[in-house]
Amino acid sequence: MSDSEEFFLEMEGIRKTYPNGVRANKDVDFYVRRGEVHGLVGENGAGKTTLMKVLYGLEGRDAGTVTLDGEKKRFQSPEDAIRSGIGMVHQHFRLAPGFSVAENVVLGQEPGEGPRFDFDRAVERTGDLVEDFQFDLDVTSRVADLSVGKRQYAEILRLLYQGAETLVLDEPTAVLTPQETEKLLASLERLADSGHTLIFISHKIEKALAVSDVLSVMRDGEIVGERVDTKISQEEISRLMVGREVSLEVDRVPAETGELVLETRNLTVRGKDELPLVDNVSFGLQGGEILGIAAVQGNGQSELVEALSGLREPSAGEIFFRGQKLEGVSPGKVRALGLSYVPEDRTETGVASEATVTENLTLPWVDLPGFSRSGLLQEKQLERKSEELISKFGITVSNPDSPVSSLSGGNVQKLVLARELSREPKILLAAQPTRGLDIKTKRFVWDELLEKRSEGTGILLVSSDLPEVRALSDRIAVVCEGSIVARFDEPERVSDEDLGLFMMGTKEEKS
Amino acid sequence: MIGVGAGFIAIVLTSSSPLNSMYVFITGPFSSIYWIGTTLNRAIPLIFVGLGITIAFKARVFNIGAQGQFYIGALLGTLAGVYLGLPPVLHVAAVMAASGLAGAAYAFLPGLFKSRWGTNEIVTTLMFNFIAIHLISYLLANQFQDPMANYNVSPSVRSSATLPEILSPSPLHAGILIAVLFVLLVFVFLDKSVFGYKLRLSGLNPDFSRYGGIDRGVVIIAAMVLSGALAGLGGGIRIIGVQGKLTEGFLPMVGYDAINISLIARNHPLGIVPAALFFAFLGVGGEVAGLFTDVSPHLVNIIKAGIFYLVTAQALFGFVEKLISEDRLESLA
C-alpha cells in the first residue's frame, strides 16, 4: 500500500497505550497525499486525536514510524512539527484572550527590531494572510471579543503564519452554527486549493463528507476503513464507525403535559458591565414536555441556565418553581424543590474530578436518612447506591473508588446523568447534554431524557445541536443575544437553516 | 532527602569532624530516654497545628495564620490556667476549651471575610499573625506580666491545670495522648462524616460543590474555624504541658512548619504523625549536634529550607502532572 512517491506522509504501525491501560492506537497505518483534504472519522475515544497528537509530537508512541517526504521523523514537540510544516488546531484553543488577533498570530515570531515589537507590521502581515484566504476576520480585534468560530480562524492563521503546510483540525465544526460551519468549510477548500494539506478530525460524518477528498475511519484504536472513497454512503461509513447501526430517529408520542413546573417572568441577568446577558425572558415549562432552547454559544443561554439553577442571581424579573418564587442565590434550595441540572461544563462543574466515582455519584443522597446517621456517612449504603447507578446507567469504570478523572468523557456524562436523573426530578435543566459525545452515548442520553419526559419531568433542553433540539423538543424557543427571538410549537415544521438564521439574528420573527 | 543532603553538605563545610557531627545529628534524638521524650514532646504542637492545616487545605483554604491562632490559643489557655479555680481534670478541660475556642474565634474573622467578600485569606491570616505576636508582647509587658518576674512573662498556671509528665526524666507530657486522640477525631471527621465529605468535595472543586448545593461560604468558615481551633488547642497544650507560663516568641515557626508537615503528609491526618515526628527529629537532632559538636544549631534551618523548597516544588510538579494527564484524557476523546 505504501508508496513513498505517492504519499508524502506515512504513519505505520503506530501503537500507543496510555498509563491507565487504554490502548488508544493499535498498530495504526495512516497515509496522506499532498494537497488533499483527508477526513479522519470515528467515534469519541476511537483514537483519532491520539493518532494526530503522536504525529504532532504531543504524545510519545510505543511503536511505529512516521515518514514525512521519505524521511523518518519523530517530533519531540509541536514546535518541532511546525518546523516541518505540520500544524494542529486543537479543540481547546490556545490563544491569549486579552491580545489582538494579530498579536496572537505572530506570537513567537514577532516582527520588529531587537526588543521592539512592530505592531503595524504584525497587523499588515496577518492582514495579508486573511486576504489571501478570504477569512472573515478583523485582525486588530481582541480575541476575547470574538466568537468561537472566529477564534478558530485566529488559530489557523497562527499556524499558517508559522509556515504550516499541513493542518490538522480537531473537530473544528463542533462549536459552530450551520452558517459558520459552511463558511469554515469554504475556507478550508480555499486552503486546499492553494496547496495545503488538511487532516480533518470529526465524529460527524456529514461534515467530513462535505469537505473531504478521502476518509480514514477509526474504531476502537484501529483503522477500519483505510482511504475510503467519499462516494460511499453515510450509512456505510457510520456502520464502519460504530460497528453497528445506531438510529437517531425519535418516535415521539405527543406530550402529556402536567402542572406548570417552571416559569420565568421578564427575567434579566446583567453581566459585569451592566449589559444584559439575558434580556427580559419569559416562558413557562410544564411537566412532561421538553422545551428546547436553541442558541449559538455565548448568547446568554448559559447565564439563563445559571440563574434558573440558583447559581446566579437575576438582575430583574422572577423565577417560579412549581409556583414558588425563587429568592436570592441558593442552588441547594432549588435542588430541594426538585430541580436537577446537567451542566454544560461537565468536567468543571458536573463533577469533582479528583474525588471518587462513588463520592461524585452519591452527593444528593448523603443527607437522607439511611445514608447517614448522626452526621456520619453510612458507607455500605452509599457504595450500594453507587453500584446500583453504575450498572443502571452502564458507566464503564474499573472500580467505584477510582477517581472520576480516570473516566472517558462519555462516562463522565453518564455519571452526571445517573446522579441528576435518579433524584426523580420535577424539573431538569439539560445544557448541551450530548456535546462531544459519540453517537451511541448520544442516543443513550436522548433515551434517558425521553424516559424522564414520559415520567412527567419538565425538561429544559439547551443545545446548539439543532437536529437534537428538533428531534427531542415539543416546543422550541430560539435565543439570540439574550432574548427569545422566535418560538415554534411544531418543531417538525421548521428546518435547521431557519433555526440557524434566527439564532444568528439575521431573521426576525414575523409578528 | 535532598533537603537532608543539603544539611549534611553544610555540616561537611562547617564542621572539623563532619562524620562525627552527622552521627550525633542522626543518633542524638534516640540516644537516651531524655532525648526520645524531647523529640516526641516537640512533635505535639506540630501534630495539632498540622492537623489544623490539613483541614484547611482539604477545603482549599490557605490558612497561613496558624502561628497566630496558636499564640492566641496559648494566651487564652494561660489566662484560663492562671485565673480559673477548678479541680485538676476539669481545669485541664477548661484550658483546652478556652484555647480551642480562642484559636477558632481568631480564625473565624479571616474565614468570614473570605466567604463574604472574597478577601484573600493568605493575606489576612498572615497579618493576623503579627497582630497576635504584638498583642501578646503588649499584654506580657503590661497587664499580664508576672509581678515577681523581671522580664516579660505571664504568671504560672495553677498546678491543677498542668498535664503530667509521662516519660521521666524527659519533658514528654500527657499531651501526646490528647494529640493522638485528635488525629483519630480529625481522620473520622474528614473521611467518615457527612460534613467532612462535603468539605473535601468543596475543596476539590468549589464550582462543583456550589452546583451540588453545598454552601461554599459555610465550608470556608468551618474549615477556618476548625483549623484555628486545632492550632489554638496546640498552643494551650504547649502551655500546660511544657512551659507553664506564656512567654514571648516561643516556637516561632510552628505555624509554618505545620504547612510543610501537612504537605509531606499529603494532607492526610494519619500522615501528620510521622511527618511531625520527622520534623521534631530534625529539630532535636540539630540541637543535640549543636550541643555536642561544633556545628551550628541553625543548621537545621538549612535542612528545613531544603525540604520546604522541595515540597513546594513537588506540589508544583504534581500540579503540572495533573495538567498533562488531563490533556491526555482529552486526547482520548
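Domain bounds come from an automatic or database domain assignment. For chain A, that assignment gives domain 1 as 9–242 and domain 2 as 260–504. Keep in mind that this is a predicted model.

**Stop 1: all of chain A**

Turn the view along the principal axes: the C-alpha trace spans about 70 × 50 × 50 Å. Of the 511 residues in chain A, 47% are buried. Now think about contacts with a sequence separation of 6 or more. In chain A, 68% of them join residues 24 or more positions apart.

**Stop 2: the two domains**

Colour 9–242 and 260–504 of chain A separately. The centres of domain 1 and domain 2 of chain A, taken over C-alpha atoms, are 32 Å apart. Where the two meet, 13 residues of domain 1 of chain A are in contact with 19 residues of domain 2 of chain A. Which classes of residue make up the side of domain 1 that touches domain 2 in chain A? The side of domain 1 has five nonpolar, seven polar and one charged residues.

**Stop 3**

Select residues 9–17 and 63–68 of chain A. These are β1 and β4, an antiparallel pair with five bridges. Show Glu10(A): opposite it, in β4(A), stands Thr67(A). Leu68(A) has Glu71(A) in β5(A) as its bridge partner. Two residues lie between the strands of this hairpin, and Asp69(A) there takes a positive phi near 50°.

**Stop 4: a loop residue**

Move to Glu110(A). It sits in the loop between α3 (101–106) and α4 (119–133) of chain A. Is Glu110(A) buried, exposed or partly exposed? Glu110(A) counts as partly exposed, because it has 15 C-beta neighbours inside 10 Å. Leaving out residues up to four places away in sequence, Glu110(A) touches Phe117(A) and Ala122(A). Now draw a distance line to Leu240(A), 130 residues along the chain: the C-alpha atoms are separated by 46 Å.

**Stop 5: a sheet of four strands**

Find the open sheet with the order β12-β11-β14-β15 in chain A, where the pairing is antiparallel. One pairing to pick out is Thr264(A) with Ile319(A) in β14(A).

**Stop 6: a residue in helix α9**

Select Leu308(A), which is found in α9 of chain A. Leu308(A) counts as buried because 26 C-beta neighbours lie inside 10 Å. Setting aside neighbours within four places in sequence, Leu308(A) is in contact with Ile319(A) and Leu429(A).

**Stop 7: a sheet of six strands**

Follow Leu429(A) into β19(A), where it stands opposite Tyr341(A). Four bridges join β16(A) to β19 (427–431) of chain A, and the two run parallel. Both belong to an open sheet with mixed pairing and the order β16-β19-β20-β13-β21-β22 in chain A. The edge strands are β16 (339–342) and β22 (483–488) of chain A. Neighbouring strands here are turned by 20° against each other on average, direction ignored. Helix α14 (409–421) of chain A lies across β16 and β19, at about 175° to β16(A). Helix α15 (439–454) of chain A lies across β13, β19 and β20, at about 150° to β20(A).

**Last stop: chain B**

Bring chain B into view. The contact takes 35 residues from chain A and 20 residues from chain B. Which helix of chain B gives the most to the side that touches chain A? That helix is α8(B), with five residues. By class, the chain B side has ten nonpolar, five polar and five charged residues.

Terms used. Residues are numbered from 1 along each chain as its sequence is written. Chains are lettered from A and ligands numbered from 1 in the order in which they are written. This is a predicted model: local features need pLDDT of at least 70, side-chain atom pairs count only at pLDDT 80 or more; totals for chains, interfaces and linings use all residues. A residue is buried if 20 or more other C-beta atoms lie within 10 Å of its own, exposed if 12 or fewer, and partly exposed in between; C-beta atoms are placed from the backbone. Two residues are in contact if their C-beta atoms, placed from the backbone, lie within 7 Å. Two strands pair if DSSP finds at least two bridges between them. Ala, Val, Leu, Ile, Met, Phe, Trp, Tyr, Cys and Pro count as nonpolar, Asp, Glu, Lys and Arg as charged, and the others, Gly among them, as polar. Axes are lines fitted to C-alpha atoms, for helices over the stretch in contact, and angles run from 0 to 180 degrees between N-to-C directions.
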